[in-house]
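Dear colleague,

I am handing over the structure we spoke about, with the sequence and coordinates shown just below. My notes follow it, and I would be glad if you could read them beside the model.

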Amino acid sequence: MARVSVTTSEEQAVVIPRSREEAVAAFGAGDGVTVMGGGTILMPELTSGRVRPERVLLLGRAGLDGQKEDGARLVIGAGVRIADLMDAPEPLGTAARRVGDAEIRSQATLGGNLCATAGADYPRGDLQAPLIALGATVRSAGAGGEHVEPVEEFLAGDPSSRLVLEVEVPTDRRGAYASVGRPHAHSYTILAVSGSVGPDGSDLRLAAAGAGPKSVRLDGPDGDPASSAGVALADDALASTWYRKKMLPVLVARVLSDLKENA
Amino acid sequence: MNLTINGVEHELSSPPLGSLLAALREEVGLTGAKAGCQQGGCGACTVLVDGEPVRACLLPLAAVDGASITTVEGLGTPEHLSPVQAAFHQEYGSQCGFCTPGMLIATHALLQRTPSPSRGEIEDALRGHVCRCTGYVKIIDAVEAAANGATAASGAGA
């Protein structure tokens, strides 16, 4: 069936692709296209009038919501709801369980969380760091066709110029997660550290969410908490730089200890 | 866009990127779901879409074309309260009432899924619903009462 296109009185086009191929074609090179997954981040912007997109791509019916195991990798569609990631490989599962509340988790999608930009005075995208820690890769479409790249490289680019199709996470790593408690269900992460090691306990990867506008990899030698020295820690309404600087090594130490205990 | 709302079919002409909440309140005239924060953080607009509780303020109308919506008006009537509504009434689970529609819908969905929830499961299910009056204790008591069926029989007008 052809995609449904509706034009409102304000000349906003809404495109609802019915397949992955239609979604890729409708996104094109991404020029002037605003993508909506579950709507939990974008809808308040539209309702308040802070964002007035010309063309909105609603992905809910594009068939991007499947998950399948492929050897030691789990392939997760961009449209998979966060509620369906609560049992994903750690530390992704724990981070998913701590996103928002039950209704938000059943509306919000993996792709939306991955592409979330920082809010006015808080970071968003609490699943970015667990994905970096797991060494996940992103398959996306846009100018130049489909790319597959590590999550940290995807985030270092311009996520808004790409249409995320799926994310692949390894299922044979061990993970751990430690975070500062949230003041309430709708707070974004103040600071959280995600870590994982390979099946033989080597190849440690650590990443932090809430340290700045985007999640970052902590790439010090063997997770030396001093590695946090290179991270630009945010100073915002949720926590001061001073507080984050004190807490980051504590969270790193907890993750390392959990990874050792569960070896 | 065509929606079935509380069992009645509607053809709506609200903007496709307007929220389901705005369409319900302003076009259909069902004002039970409340426009609180309008950014997903208060829970007062929660409705069922095809049986699942969602934030009506976070859903563009175009995304729910063809869906079946249940608002608080669809749970019961003043003469015949639903078991959940009767329990909230009897247990003093509502004061100013602004959060109550969202609480009722979330509780209804919880009990459909988990007929005998623990107190922790109730807290998890209602975690996204903000109440500035009750301190939550009586709300959670009401959910437990609804689950126990303690007030189902006495119901309305009690």
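**Strand β11 of chain A and its partners**

Five bridges connect β11(A) with strand β12 (residues 205-209) of chain A, and the two run antiparallel; strands here are DSSP E runs of at least two residues, helices are H or I runs of at least four, both numbered from the N terminus, and two strands pair if DSSP finds at least two bridges between them. Within this pairing, G195(A) has L206(A) in β12(A) as its bridge partner.

Before going further, please note that this is a predicted model, in which local features need pLDDT of at least 70 and side-chain atom pairs count only at pLDDT 80 or more, whereas totals for chains, interfaces and linings use all residues. Residues are numbered from 1 along each chain as its sequence is written, chains are lettered from A and ligands numbered from 1 in the order in which they are written, and side-chain values use heavy atoms, with hydrogens and water left out.

Strand β10 (residues 174-179) of chain A is also antiparallel to β11(A), joined to it by six bridges, with G175(A) standing opposite S196(A). Because six of the six residues of β11(A) (192-197) are buried, the strand is largely enclosed by the rest of the structure, where buried means under 20% relative accessible area, exposed over 50% and partly exposed in between, with a 1.4 Å probe and protein chains only. In a regular strand the side chains alternate between the two faces of the sheet. In β11(A) both faces are covered, with A192(A), S194(A) and S196(A) buried on one side and V193(A), G195(A) and V197(A) on the other.

**The five-stranded sheet of chain A**

An open sheet of five strands in chain A has the order β5-β6-β9-β7-β8, with antiparallel pairing. Its edges are β5 (67-70) and β8 (147-150), each of which has a single partner strand, so one side of each is left without a neighbour in the sheet. On average, neighbouring strands are turned by 25° against each other, direction ignored; axes are lines fitted to C-alpha atoms, for helices over the stretch in contact, and angles run from 0 to 180 degrees between N-to-C directions. Six bridges pair β7 (residues 137-142) with β9 (residues 162-170) of chain A in the antiparallel sense, and R139(A) has E166(A) in β9(A) as its bridge partner. Helix α1 (residues 20-27) of chain A packs on this sheet, touching β7 and β9, and its direction makes about 130° with that of β9(A); contact means heavy atoms within 4.5 Å.

**Helix α2 of chain B**

In α2(B) (residues 83-90), V84(B), Q85(B), A86(B), A87(B) and F88(B) are buried, and the buried residues of this helix pack against α3 (100-113) and α5 (137-148) of chain B. The axes of α2(B) and α5(B) come within 8 Å and cross at roughly 135°. These two helices are therefore oblique to each other, since angles under 35 degrees count as roughly parallel, over 145 as roughly antiparallel, 65 to 115 as roughly perpendicular and the rest as oblique. On the α2(B) side, P83(B), V84(B), A87(B) and F88(B) meet I139(B), A142(B), V143(B), A145(B) and A146(B) in α5(B).

**One buried residue**

V56(A) lies in strand β4 (residues 55-58) of chain A and, at 0% relative accessibility, counts as buried. Leaving aside neighbours within four places in sequence, V56(A) has contacts that include M36(A) and L17(B).

Best regards
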